[in-house]
Amino acid sequence: MIYDSPRAVRFAVAALAGVAILAPSGCISEQSFKMQPGDVVHASTIGRPDGPVSTRAWLAETHRELAHLLPQGDAPALLDADFADTDGRTTDVYRHFSLDPNKLSMIFANWDGLIHSAQAFAGPYGGDAAAAWPQFEETWIPVTDEISLCGRLGIVRTDDGVPASADCIVIVPGLLADNAVKRNADLASALLQAGHHVLALEPRGHGQTDTRFPNVGDDFGVLSVGDLIVVSEWLEALPFVRHTGLVGYCWGGNQALLAAWFDGRGETDPSITDGLAPYLRPLSARRHFEAGILAFSPVIRFEDLIDKLERPWTVLSRPELATVQSIIRDRMTYKGHPEISGSLRKLIVFESAHCGVRYADLVVDGLRFLRFLPHRDLPASDKLGKARVPVLIVHGANDPLGSAQDVADLITGEANTNVAALILAGGGHNGFAAYARSYYFSLIVNYFDARHGAAACIEAGAARMARRPDDGAAPLVTRPGAASSVGADGRPRARVIVD
């Protein structure tokens, strides 16, 4: 074939790139992005007497110091204050970034978004154990009498070889993924270098947890969220672990957000039905993941994705959906389910039959448990308003799988100022290391920093407020769209400047 113009050449390359999205090898398949010396820029967010005292205020200041690490020429990122105008109307995210949401699956319209997503793609579902990670050991954590969870635990040690006192950050993978994902190994190594203990977890139905307990199905978060609470407590029982933090990608990001809600929920919650309640972990006054929760590329409207996957897709029409369906088919084949298809709904039904919970409305009640925003005529409760620990969502505007607009819709009007969100111009779906490696690692390391991170700033701000006299105190100063003077923990924020 002869190409007579650069445009023709680009078209041919683009067509090949679309096919290669699903390839297990090649220059635009899954890549490893390790943290390099000099990647991390440390922000100074806590030293001042008027430093930030909420996750949103921390994010605003930290992003201001790190923004120069993003690609030049991109539209500026959107933060919480940018998600609504002065009348409370939600910002049109795609208009801000000059994107057409209907073309994010098209290689010409969203080249970078698809390529960066492909480089973060975990490859076909397998079940084989991941190669060994230096400085990490396989660890098993008992969560019930029927199941333990496998993880890779890295421990920071002093020069004498003794475990150092530090926070432990838990990493959970994306949809149907495990520790074979290169992104998990890269982040685990980076956090260990930054002075944190790290546990890369393989939840129910995944990786070596699934290999040892093959009859326990993937419950898609309904029971796994309670498992995360147990993991946090198990880690904090170790004498060298101060607090725990949590990082999740894609569906793991959804689970991380659910963990924030589940930790702070009340005695009754509209997202928990009477049928499901007896199977869940009981309430605890103890806070979990106090070092903070970080969710990358969560699929906020999960049920919309389920609906889309009811019909078959090809790599040329919707490469991101075809990729997910390929993983689903591999999972169905591996587990010997009665039907092999790309239907996520059917996979949920098949797996739910083996998750340890048996009653007629489990799937319906489970989706209600997982829901963040209304779906059709089905309501959703304010889950993130219950969060008692710092929460940060990071999303790419050009994400072809999970809508960035949904993130803005979720956060607009959210009263809990310790829940923050950031929408970047690029990164696709989970591809932030490919998009802007230095910004990506700097944001994570700063977020969990024991002295300058979001949790440390909130704690320092609370101490300052406790010492501040009531008389003559300044009124709350808020940004447009910031809606609360009370944090998730119930402590007043009435004299905190959050802008």
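Mentor: Start with a term: a contact means heavy atoms within 4.5 Å. Among contacts in the protein chain between residues at least 6 apart in sequence, 74% join residues at least 24 apart.

Trainee: What kind of model is this?
Mentor: This is a predicted model; local features need pLDDT of at least 70, side-chain atom pairs count only at pLDDT 80 or more, and totals for chains, interfaces and linings use all residues. Residues are numbered from 1 along each chain as its sequence is written, and side-chain values use heavy atoms, with hydrogens and water left out.

Trainee: How many helices and strands are there in the protein chain?
Mentor: The protein chain has 15 helices and 9 strands. Both are DSSP runs, numbered from the N terminus: helices are H or I with at least four residues, strands E with at least two.

Trainee: What share of the residues counts as buried?
Mentor: 59% of the 499 residues. Buried means under 20% relative accessible area, exposed over 50%, partly exposed in between (1.4 Å probe, protein chains only).

Trainee: Which residues have the most contacts inside the largest nonpolar core?
Mentor: Phe369 and Ile423, in a core of 136 residues. Helix 14 (residues 432-447) gives the largest share of this core, 11 residues. Such a core is a set of buried Ala, Val, Leu, Ile, Met, Phe, Trp, Tyr and Cys residues joined through side-chain atoms within 4.5 Å.

Trainee: What does Phe369 touch?
Mentor: Leaving out residues up to four places away in sequence, its partners include Trp261, Phe262, Leu280 and Lys383.

Trainee: New topic. Why does Cys168 count as buried?
Mentor: Because its relative accessibility is 0%. Cys457 is buried too, with a relative accessible area of 0%.
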